[in-house]
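Look at the sequence and the model below before reading on. The text then follows one stretch of the chain and some of its side chains.

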Amino acid sequence: MKDSEENQKTTLKTEFFFQIGFLVFVLLGAFIKQISWVFWIMACICALCWVVFVQKEKAKEEKEKKDEKEAP
């Protein structure tokens, strides 16, 4: 049970970092016009990583639930 809670906290932290990274890069792209394209690209990469991370975590949770149902 303790491992599950710790894993959940780590997952939330990682997702939070992707969200903050996306917001920071979008804001930098909006305010620094000379190299805004770099920040927009970084924001897109951060958003894609965020989506991939969330999909992997959902798949992992579904697999764990499926394994729990089959175990007893």
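This is a predicted model. Begin with Glu62, which is found in helix 2. Is Glu62 buried or exposed? With a relative accessible area of 58%, Glu62 is exposed, because anything over 50% counts as exposed. Glu62 also takes part in a negative surface patch, together with Glu61, Glu64, Asp67, Glu68 and Glu70.

Helix 2 covers residues 36-70. Within helix 2 lie Glu57 and Lys60, three residues apart, which is about one turn of the helix. Side chains of opposite charge can pair when their charged atoms come close. Here the side chains of Glu57 and Lys60 form a salt bridge, with 3.6 Å from N to O. That distance counts because the cut-off for a salt bridge is within 4 Å. How many salt bridges does the count give by this rule? The count comes to one salt bridge.

The two partners are covered to the following extents. Glu57 has a relative accessible area of 14% and is therefore buried, since buried means under 20%. Lys60, at 38%, is partly exposed.

Now turn to Ser36, which lies in helix 2 as well. Ser36 has a relative accessibility of 16%, so Ser36 counts as buried. In sequence, Ser36 and Phe25 are 11 residues apart. In space, the distance between Ser36 and Phe25 is 9.0 Å, taken from C-alpha to C-alpha.

Conventions
Residues numbered from 1 in each chain as written. Predicted model: local features only at pLDDT ≥ 70, side-chain atom pairs only at ≥ 80, totals over all residues. Heavy atoms only, no water. Helix = DSSP H or I, 4+ residues; strand = E, 2+ residues; numbered from the N terminus. Buried < 20%, exposed > 50% of the residue type's maximum accessible area, 1.4 Å probe, protein only. Patch = residues over 30% accessible without salt bridge, like charges linked within 9 Å, V, L, I, M, F, W, Y side chains within 5 Å. Areas by Shrake-Rupley, 256 points an atom, 1.4 Å probe, with all protein chains shown as cover. Lys, Arg positive; Asp, Glu negative; His and termini not counted. Charge placed at Lys NZ, Arg CZ, Asp CG, Glu CD.
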